Amino acid sequence: MKVTSIVDGIIIDHVRAGTALKVLHYLRVDPAKTRLALIMNTDSRKYGSKDIIKIEQTGDLDLTALGFIAPEATVDVVRQGRIVSKHQPDRPSHLVNVITCVNPRCVTTVETGVDQRFHLDDAGVYRCDYCDEKAED
Amino acid sequence: MSQQVDHASKTSSTVVPLRGRSVVTLDDIPMTQILDLLDRAAYIDTHRRQVAHTCDGRVLATLFYEPSTRTRLSFETAMLRLGGQVIGFAGAQLASVSKGESISDTLKTVSNYADIVAIRHPKEGAALVASQAATVPVINAGDGGHMHPTQTLTDLATIRARKGRLNHLTIGLCGDLTFGRTVHSLITTLCRLGHVDFVLISPDELRTPEYVLERIRSSADCTYRETGDLNGVIGDLDVLYMTRVQQERFFNEDDYLRLRDTYILNADKLRAARSDMAVLHPLPRVNEIAVEVDDDPRAAYFQQVRNGMLVRMALESALLGDELPGYREQKEVAA
């Protein structure tokens, strides 16, 4: 399978197989309005299979959510058709309004105007600041 | 012989004041401060007359969005016994919340009326929202199945009053160990002190969650064992903490009734226990402790109610920054 290379943008590689659309959702990338390529369930030496996301002209794209939804991914920065840097997503100690608490008993389900806040606990798990429920993707 | 340490006396000189802060959980309060609160509660118990005007002119607001008898009365009595006054509501239907007011707006309003707030709310994390909105200290009086810090203080005060220490103890926790927030909080806090052997007694369906077991495992000095047999272990225990199986946790009535009746502590079972074992229960009980046990000197659960009021007196005065007359002087002499 051949996909045209991008000139300026990013390649999010080693995305867990089958989750590329979910990653786009968390990154708030609208596939209908963005020039991008998705490769899903392709071979991976590291993981067996993987997804790859290529996004042209990323602008002010915020990659913070990658630390939660795809921490194992690799981000390649492409400039003028060449990969100029590679890095793993950061796992920030706090996430604000990136993910939503799934606990129906959490106060965030009823209180208006409250940010969805999560913190990274000692075990490397994101938990809701309010109810301590484990974050789910 | 193992060394038995009362940490309160050892660390009291390094206590940082709690004045002005809110208490949503005990997890972010240094152990020195927790132990100091227990010292204050013990002091209050023996100096009722001296502390009776500690909070003169202060107003406590109790915002109880769900039913509670014991906890609300305990908070309110605590403030009245310190010389302060009480306002508030019990039951959300009585308040503006029934008109759709947010917790934040309620707290911003009540902050103008009261010097300190105690809030109980069915939603987990409600007390944190309240503390962020309020301009006065907020005490979490229970936020759903999440946290109930003053119950843990109550439990600690009772164990220390009965056993003289909070470590080098074998503590049995019996009943609903899956949903019992008081059990989880007590274990977590005791793990910070170390040197406790936990005996976790429950039916298979109500075993202790993995994250609580992990907390014990990560504590170098604490151990645990799980069992379904109360009779087999009761003779090993310094403390037996009984819990209620909560009906609202079950979809199936038959499961509830079967598990509710799994462990009933009665005089017959107590025969195998040590003569100085303390029986605790956060109350209310259903049938897990037979009424005949109430007259046994090992029954500590009504003493626990009394300690609940004392620790709330200690906490309310400490958060307000109102010094207990004579307390500091006595502490310095003891040190």
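Predicted model: local features only at pLDDT ≥ 70, side-chain atom pairs only at ≥ 80, totals over all residues.
**Where the chains meet**
- Chain A brings 14 residues into contact with 12 residues of chain B.
- The side of chain A that touches chain B has six nonpolar residues, along with four polar and four charged ones.

**Helix H4 of chain B**
- H4(B) covers residues 70-81, which makes 12 residues.
- At 1.5 Å a residue, H4(B) should span 16 Å, and its end C-alpha atoms are 16 Å apart, so the two values agree.
- The buried residues in H4(B) are Thr71(B), Arg72(B), Ser74(B), Phe75(B), Glu76(B), Ala78(B) and Met79(B).

**Helices H2 and H13 of chain B**
- H2(B) is residues 31-46, and H13(B) is residues 301-320.
- Their axes come within 8 Å and cross at roughly 115°.
- That angle makes H2(B) roughly perpendicular to H13(B).
- The crossing of H2(B) and H13(B) is right-handed.
- From H2(B), the contact uses Leu37(B), Arg40(B), Ala41(B), Ile44(B) and Asp45(B).
- From H13(B), the contact uses Asn307(B), Leu310(B), Val311(B), Met313(B), Ala314(B), Leu315(B) and Ala318(B).
- By class, this contact has nine nonpolar residues, one polar and two charged.

**Helix H7 of chain B**
- H7(B) runs over residues 149-163 and has 15 residues.
- From first C-alpha to last, H7(B) reaches 21 Å, close to the 21 Å expected at 1.5 Å a residue.
- In H7(B), 13 of the 15 residues are buried, so the helix is largely enclosed by the rest of the structure.
- Gly164(B) follows H7(B), and its phi is positive, near 80°.

**Ser93 of chain A**
- Ser93(A) sits in the loop between strand E5 (82-87) and strand E6 (94-96) of chain A.
- Ser93(A) counts as exposed because 11 other C-beta atoms lie within 10 Å, and the exposed class takes 12 or fewer.
- Leaving aside neighbours within four places in sequence, Ser93(A) is in contact with His119(A) and Leu120(A).
- Arg105(A) is 12 residues from Ser93(A) in sequence, and the two are 24 Å apart in space, C-alpha to C-alpha.

Terms used: Residues numbered from 1 in each chain as written. Chains lettered and ligands numbered in written order. Contact = placed C-beta atoms within 7 Å. Nonpolar A, V, L, I, M, F, W, Y, C, P; charged D, E, K, R; others polar. Axes fitted to C-alpha atoms, helices over the stretch in contact; angles between N-to-C directions. Helix = DSSP H or I, 4+ residues; strand = E, 2+ residues; numbered from the N terminus. Parallel < 35°, antiparallel > 145°, perpendicular 65-115°, else oblique. Left-handed = near helix turned anticlockwise from the far one by under 90°. Expected span 1.5 Å × (residues − 1). Buried ≥ 20, exposed ≤ 12 C-beta atoms within 10 Å, placed from the backbone.
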